[in-house]
Amino acid sequence: MNQVNVGLCGLGTVGTGVVKLLQNHADEIKYKVGSEIQIKKILVNDIDKKRDVVIQPEWLTDNPEELVGNPELDIIIEVMGGIEDTNLLLEKAIRNKKHIVTANKDLMAVHGQKLLRLAKENNCDILYDASVAGGIPIIRSLTEGLASDRIQKIMGIVNGTTNYILTKMTDEELAFEPVLKEAQELGFAEADPTSDVDGLDAARKMTLLANLAFKMEIGLDDVEVSGIRTISQEDITFATSLGYTIKLIGIASIHNGKVEVSVEPTLLPKDHPLALVKNEFNAVYVYGEAVGETMFYGPGAGSMPTATAVVSDLMDVVKNIRLGITGNEYIVPQYEKQLKENDEKYMQYFIRMEVDDEAGTFQNITNVFTNEKVSFQKILQLPSDNEKMAEIVMVTHKISKQQLLNSRENLKGLDVVNEIISCYRVDGED
C-alpha cells in the first residue's frame, strides 16, 4: 500500500496544524508507517477564505458527501467540532468503510460508545487520543502503556482555560471576571466560556478516561460537575493560608468495583504535583495498582500539540490497515456499571461560613458536626467585615459525602449560621 488517502473535516486551528505536520514531516511519517499519507479533500465552510497553510484549491469543498462518500478516501480526520451533525456525518463515513481519527471530546463523550461499536461492525478504526488533553498522550497511555495494570484513580487538570484563570487569580490576587475577560482577549477562553468555566468540557474528558480506565460504560450524566464561577479571592486567600492551592480537578476512582467520577474545585496541598501546574497547561495523575503513581504533563490545546496527537493516531490507523488488523479498537465493557452512593464517597472538605460572633455559636456548630461524627483537621476563625459576624474555615478529616450533606442541611437550620459561603473538596493528603 504505497499511498493512503485522507479527507480532513475542518481547517481551523487544529486542522491547519494537521496539514502543516503532514507536509513538514512527510518523509519521517512515510518512513515510520511505510506509506505516503496524502490529503485529497478538505471540508470547509468558506472555500474562498484565506488560509495560513499551503493547500491545493481542488482539495477544498463545502460538500460533506465529497468526503464521506468518496471511494478514493481511506481515512477521515474530524477536527471541526460539533456533536449531532458531526455524529451523523461520521456514522455515514463508517458505513462507507472509512476509518476515523477525531479530536472531538464532546462527540466521543456523547456518542463515542455507539460509534466505536459501529466501527467494529464495519471493520473500521476510530482513534481519538487528541480529544483529551491535547498533546498529552493520556488515552494512548491508558490503552497501551498501562494496559497490563489495574487503574485505581485518575485525577487531573484537563481544562487549560480554567487552570489559566485560577493561576492568575492565585498568583496576582485578581477576581474571576477580569481574569476571564483577559483570557478571552488572549484566546485562552471562548467568547461563550460556559463549557469551560462550568466544568462541562472537563466532565466530557473525564467520561472518556473513566470508560477506558475502569472498563465500564460511564455516561456524561454519571459525572458530578461544578465549575469555578463561585470561587472568590477570599476562598483562595483562606486556602493559601491553610497550605492549599485551588484547582478545577477531574477525579475518577474505583473501589470494590464501584466508581465515582466528578469535576469540581479542589484544594490540593501546595507541594502536590498538580498544584504546581500553572496557566493553560494540563496534567493527569494516574494511580495504578502495579505501577503506582505516574503523571503526564504538557500543553492541553493549541494547533501543533493537538495536531501531533491527531497525526499520531492517523499513523496508527495506517499501520493497522497495512497489517490487516483494523476494527479492533472497541472492546465490550468488561464490567457492568456500578456507581458509588453518597455514603460510599469518602473525602475531605473545606467549609467556609459566616456566623454570629457571640458566645455559644461555636458550640452549636460543633454539635451539628459531632452528631454526624465529623472531625476536623484544621480550623480557622477570623473577624468578618460585619462586626457582629465572624468567618469560620474548617478542613474536615475524611468523611462521606452523605455526612457532609446532612451536616450542611442541619447547619442551615441554626440561627447563628448566617451563610455557608463555600464548600470544596480537599484531595492529596490524609
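A residue is called buried when its relative accessible area is under 20%, exposed when it is over 50%, and partly exposed in between, using a 1.4 Å probe and protein chains only. By that rule, Phe 350 and Tyr 424 are both buried. Please keep in mind that this is a predicted model, in which local features need pLDDT of at least 70 and side-chain atom pairs count only at pLDDT 80 or more, while totals for chains, interfaces and linings use all residues. Residues are numbered from 1 along each chain as its sequence is written, and side-chain values use heavy atoms, with hydrogens and water left out.

Let me turn to the aromatic rings. Rings of Phe, Tyr and Trp (its six-membered ring) pair if their centres lie within 6.5 Å, and planes under 30 degrees apart count as stacked, over 60 as edge-to-face and the rest as tilted. Across the whole structure, the search finds five aromatic pairs. In one of them, the ring centres of Tyr 285 and Tyr 287 are 5.1 Å apart with planes at 70 degrees, so this pair is edge-to-face. Tyr 285 and Tyr 287 are both buried. For Phe 350 and Tyr 424, the centres are 6.1 Å apart and the planes are at 15 degrees, so that pair is stacked. Because Phe 350 lies in strand E13 (residues 346-356) and Tyr 424 in strand E17 (residues 417-426), the pair ties together parts 74 residues apart in sequence; strands here are DSSP runs of E, at least two residues, numbered from the N terminus.

Finally, Lys 153 lies over the face of Tyr 287, at 5.5 Å from the ring centre, where the rule asks for NZ of Lys or CZ of Arg within 6 Å of the ring centre and within 35 degrees of the ring normal.

Note on methods: Helix = DSSP H or I, 4+ residues; strand = E, 2+ residues; numbered from the N terminus.
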